[in-house]
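Here is a short briefing to keep beside the viewer.

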Amino acid sequence: MIIEEGVLKDGTKYILVEKSTLIEELNNLKNQGYDYLILMSAVDYKKYREVVYHLGSYNDNRKIVLKVRTEDDILQSSTPLWGAANWFEREIYDLMGIKFEGHPNLKRIFLPEGWHGHPLRKDYDMSKKQYVNMKEDGTDLVSFNPEDGW
Amino acid sequence: MEEKILEVNFGPQHPSTHGVLRLKVKLNGETVLSAEPIIGYLHRNAEKLSEFNYYASNLIFMDRLDYVGNHNMELGYVLAVEKLAGIDVPERAIWLRMLFAELNRIASHLVWAGTMGLDLGMITPFFYAFRERERILQLFEMVSGARLTYNYISIGGVYNDLPNEFDEKFKEFVNDFPARLNELKSLFEKNEIFIQRMKGIGILPPEVAKSYSITGPVLRASGVNYDIRKISPYLYYDKVDFEIPISHGMDNYARFEVRFKEMEQSLKIAKQVYEKLPPGEYQNSLYKKSGLINIKGAGESYVRTESPRGEFGVYVVGDGSKKPYRVRIRSPAFHNLSAVNEMVKGLKIADLIATLSTLDPVFGEVDR
């Protein structure tokens, strides 16, 4: 269900959709020929997070932007539609903390497991340094103390 | 004999990973069952850092993304900011941007050609490739003063006009390069071992490539005719004559062929651009020096460009202040790498290295 429509500053048309109909709308667009997931980004507007899908086509110059807002940081995964969504969603989960339901392997992609917080959030505390060391079994250990670890 | 599955960590410190890539490889003897890329060893979070600086200051983070195709990285960001803030660019600057973007594409592909040779145990092509790349770097050094992080393409135009000695050096390079390129190519093409290791290895079907949002030479080697420069022309790509090389081989050899042909086309574009270069301003005078700090933008913009590795673009969200609210980078090598598992299943481990080298990942850009 489309809540809002408009044109972005760069001239691309955008639609804002209802969160519960996200996959349906993405699927609709894919069937209309938007078969190329150009970019998935997440923007933190403090009250809510907005996930932005830039969709294009491998045949022509079409482009459309689909936006969805979430306050509880849970969205449906679009991995059944595009293979590329797998890493996009892992990245957004890692840096913005949005969980994608139905993702086959939702774990951090850049930062080590155990990292505190999600850096791209506006409320992320940058004054606390985190150190990555190694545990005795070879896995990563994240702590606030540089001396920790094996 | 009993079958045993062995899990091997390939990298992060390994000469053939082109940076700090770690692959968790499951092996049955010498056959690869699966390869899971583990990335993030070079992660600086350029996206977050960009939120704390003026629009113009962020250029240095873009330079450090794809550190062998810097001009193209700067271009993607600058175009997005200009669209957001509504900044006009003089005609000469647009042509100059195109000239350096194309020269950088050649330089980037030369690095790839050299390192691909190294990965496959051929040292000679590396020297041939880097000899030519050096001449391009000298051209870059002339205009920007730097050899690696140029900071040349700036908001509102370019940093500097061409110096007097550029003309002679550029023409010398353009004259010599086609023969040198053929020489380099023949080092690969006439090598039976090279062909054996490339043909039919690392198959990437077009449907898989499309699903994984793969772009650039990797996609075109799978038979999809898709190049942002043709599909959605930016700068003056619609005013020059060039072709998009494609190949239907889908394998490592196809990717090798496409990149070499692309270098020829880039040279063709660079030549035309240099002939068409109009006189005039190279920088919008409103945005010289201190004027750069006062750039403000509100709204959202994303401009698609074709970097040496595929579609590069920066999604910039502005809230009307002097600093961007959010900067999101689309890096092509990130996606090209994500399909590696699909390409290497069932290959030998030596072929995994060959396949990885034709994907040409640069980790400054993958990890951001």
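In this predicted model, 23 residues of chain A are in contact with 32 residues of chain B. Strand β3 of chain A (residues 36–44) gives the most to the side of chain A that touches chain B, with six residues. That side of chain A divides into 15 nonpolar, four polar and four charged residues.

**The nonpolar core**

- The largest nonpolar core has 139 residues, and the members that touch the most others are Leu37(A), Tyr53(A), Ala80(B) and Val81(B).
- Helix α4 of chain B (residues 91–119) supplies the largest share of this core, 15 residues.
- As general background, nonpolar side chains tend to be buried together in soluble globular proteins.
- What does Tyr53(A) touch, not counting residues up to four places away in sequence? Its partners are Leu26(A), Leu37(A), Met40(A), Val65(A) and Leu66(A).

**Domains of chain A**

- Chain A is divided into two parts: domain 1 covers 2–110 and domain 2 covers 117–150.
- Taken over C-alpha atoms, the centres of domain 1 of chain A and domain 2 of chain A are 29 Å apart.
- The contact between them takes five residues from domain 1 of chain A and five residues from domain 2 of chain A.
- On the side of domain 1 of chain A that touches domain 2 of chain A, the residues divide into two nonpolar, one polar and two charged.

**Helix α2 of chain A**

- Helix α2 of chain A (residues 85–96) has 12 residues, which at 1.5 Å a residue should span 16 Å; its end C-alpha atoms are 15 Å apart, so the two values agree.
- Is α2(A) mostly covered or mostly uncovered? This helix is mostly covered, with 11 of its 12 residues buried.
- Gly97(A) follows α2(A) and has a positive phi, near 80°.

**Chain B as a whole**

- Chain B contains 15 helices and eight strands.
- A compact globule of 368 residues would have a radius of gyration near 21 Å, and chain B has 21 Å, so it agrees with that expectation.
- Along the principal axes, the C-alpha atoms of chain B fill a box of roughly 75 × 45 × 30 Å.
- Of the 368 residues of chain B, 52% count as buried.
- Taking contacts in chain B between residues at least 6 apart in sequence, 71% join residues at least 24 apart.

**A closer look at Val344(B)**

- Val344(B) sits in helix α13 of chain B, which covers residues 340–344.
- Why does Val344(B) count as buried? The reason is that Val344(B) has 25 C-beta neighbours inside 10 Å, where 20 or more are needed.
- Not counting residues up to four places away in sequence, Val344(B) touches Val32(B), Ala35(B), Gly202(B), Leu352(B) and Thr355(B).
- Glu306(B) is 38 residues from Val344(B) along the chain, and their C-alpha atoms are separated by 26 Å.

Key:
Residues are numbered from 1 along each chain as its sequence is written. Chains are lettered from A and ligands numbered from 1 in the order in which they are written. This is a predicted model: local features need pLDDT of at least 70, side-chain atom pairs count only at pLDDT 80 or more; totals for chains, interfaces and linings use all residues. Domain bounds come from an automatic or database domain assignment. Two residues are in contact if their C-beta atoms, placed from the backbone, lie within 7 Å. Ala, Val, Leu, Ile, Met, Phe, Trp, Tyr, Cys and Pro count as nonpolar, Asp, Glu, Lys and Arg as charged, and the others, Gly among them, as polar. Helices (H or I, at least four residues) and strands (E, at least two) are DSSP runs, numbered from the N terminus. A nonpolar core is a set of buried Ala, Val, Leu, Ile, Met, Phe, Trp, Tyr and Cys residues joined through C-beta atoms within 7 Å. The radius of gyration is taken over C-alpha atoms; the globule rule is 2.2 Å times the number of residues to the power 0.38. The expected span of a helix is 1.5 Å times one less than its number of residues.
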